[in-house]
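Here are a few notes to go with your first look at this one. Have the viewer open while you read, and jump to each residue as it comes up.

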Amino acid sequence: MKKNKTRVEKNSRSDWKLRIIAGVLVVFILALAGYLLYLKLYYGNRWYQGTTVNGVDVSGQTLEESKKTMISMHQDYSLHISGRDQGTLTIGGEEIDYQFNIGSDFDKKFEEQHEKLQIFPKESQYKAVEYDVSYDVEQLTKLVKNSALIQGDSTYTITKPVSAHVEFSKTEQKYTLVEEVLGNKIIVKNLVASIEDVLHQAREEMDLTEEETYPDIYKAPAVFSDDEDLQKELDAYNHAALRYIVWDMGEGVTEQITPVELSEWLQYKNGEMKYDNNAIQEWVEAFCLKYKTVGKDRMITSHTGKKVKIKGGDYGWQLDYEETLKQAKKAVKKEIDTSVTNAYLENPTEENKEALTIRKEVKYANTAFQKDYEDFAVDWDTQNYIEISIKDQMVYVFRKGKVKFSCRCITGRPVEGRMTPTGAYYIKEHRTEYTLTGDDYETPVKNWVRITWTGTGFHPATWQPWSRWTKDLYKTKGSHGCINLSVEDAQKIYDMTSYREAVFIH
């Protein structure tokens, strides 16, 4: 009996649970039916909650109410346009004779929303509903063309787009990528077309910076900074320009071609690096001229102790232009491992810079005794030199700043083709025997000391009347340009002078 009683109690409790569940289901079904009926009755002729049309909230409004809302909102219609760089344009409806009518598209969107009963209405945004509007297209176009957005004004500057490009930075001493400038130059026809779309939707705001919505309003740069070819160009320029070509001029002075100079000589075109050879030549010319002392005016202390200015001549320093040009061109175009360039770009230390340094030996066509970087013209031994005075017809040999030896001479006859050249020269050779040649003579001499490559030199002249020598004798008995000496004096000059010693003729 006890077991049967327990079973009856359990069955009784189960029945009660079923009844409760059934009751809950009935209540839920009734509530759902009521909710659906409510939706059907209330929203049957109303926009669902969370509905906007072209940005206007019409939630819960009947179709007619929403139409009245739209008509009321757009009675005094105006469109505010904002663009780049805080540019703005406001178009009043009256300026373009704007007329607003609802049209059929509005009704279609309402019908689409009510094709199915929405049990749980979701937010609905109809962004591009077309209204039946009218306006003066010509007046709109004219208004846009004459606006500050297009023409600019005192407070708004029109900026054209600039493509991303490679440019040399003097501060960073390398080529860098300059990002594009978008600018604010508008394509008028595209703007007018977009405005017309907005007018048909009766929108009151238009933000031209929303590029996804208005992608073709502004003129775009032709090249953007993410362009692969632009990166190749950047790499090519840096590999070509990042090098230092150095000449050691002595006395701690160097001359060099740096990336700054190279940046002006390079042009990357059609995937190849081009070099401005004319510019390289001009740089080498300037380099050679900077250190050229040949032909410079010099002040010497004459035998009288007074200063004498010497002009012209071939004495002095002169770089070998052709050889230096070859050095420069070869170094400018030398292949450098990209890893060396990249190491410097990543870490521009002195060590990495040295790896990009190409050192060249200075090639001279002519040299002198010394270099004085305070006064390049003082390039001769100011204590030991030779002075020739045409006026006095005398030769003076200076040693340790004083006249050690002097002698008479007969210089070139002062007529065209025979005058002794004036200027600063140097002893070019010594020969114990030499033959003087000319158009009408061929004369062997001893103790020849060459001064110029054109034939001027010291030599004995036994044919000259030394017993009746005067300082004016050269005017009638002058040489063909050489410095005629007596036999004894010629031997002395031959013995005392040395190769490359400075000779000043005045």
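1. Start with Arg298 and Asp379, which form a salt bridge with their closest N and O atoms 2.9 Å apart. Keep in mind that this is a predicted model. Arg298 lies in strand β13 (residues 298-301) and Asp379 in the loop between β17 and β18, so the bridge ties together parts that are 81 residues apart in sequence. Both Arg298 and Asp379 are buried.

2. What about the rest of the salt bridges? The count comes to 17. One of them joins Arg46 to Glu65, where the closest N and O atoms are 3.9 Å apart. Arg46 is in the loop between α1 (2-42) and β1 (51-53), and Glu65 is in helix α2 (residues 63-73), 19 residues apart. Arg46 is partly exposed at 22% relative accessibility, and Glu65 is partly exposed too, at 39%.

3. Next, have a look at Glu429, which forms a salt bridge with Arg431; here the closest N and O atoms are 3.4 Å apart. Is Glu429 buried or exposed? At 16% relative accessibility, Glu429 counts as buried, while Arg431, at 39%, is partly exposed. Arg450 joins in as well: Glu429, Arg431 and Arg450 are linked in a network of salt bridges.

4. Now the rings. The structure holds 23 aromatic pairs. Take Trp380 and Phe504: their ring centres are 4.8 Å apart and their planes sit at 70°, so this pair is edge-to-face. The pair links distant parts of the chain, with Trp380 in the loop between β17 (364-366) and β18 (385-389) and Phe504 in strand β26 (residues 502-505), 124 residues apart. Both of these residues, Trp380 and Phe504, are buried.

5. For a stacked pair, go to Tyr434 and Trp448, at 4.4 Å centre to centre with 15° between the planes. Tyr434 belongs to strand β22 (residues 429-437) and Trp448 to strand β23 (residues 442-450), so the pair ties together parts that are 14 residues apart in sequence. Tyr434 and Trp448 are both buried.

6. Which residues do ring pairs link into a cluster? They are Trp247, Trp265, Trp283, Phe287, Tyr291, Tyr373 and Phe376.

7. Finally, two spots where a charge meets a ring. The charged end of Lys371 sits over the ring of Trp317, 4.9 Å from its centre. Arg500 lies over the face of Tyr426, at 4.3 Å from the ring centre.

Notes: Residues numbered from 1 in each chain as written. Predicted model: local features only at pLDDT ≥ 70, side-chain atom pairs only at ≥ 80, totals over all residues. Heavy atoms only, no water. Phe/Tyr/Trp six-rings, centres within 6.5 Å; stacked < 30°, edge-to-face > 60°. Helix = DSSP H or I, 4+ residues; strand = E, 2+ residues; numbered from the N terminus. Buried < 20%, exposed > 50% of the residue type's maximum accessible area, 1.4 Å probe, protein only. Lys NZ or Arg CZ within 6 Å of the ring centre and 35° of its normal. Salt bridge = Lys/Arg side-chain N within 4 Å of Asp/Glu carboxyl O.
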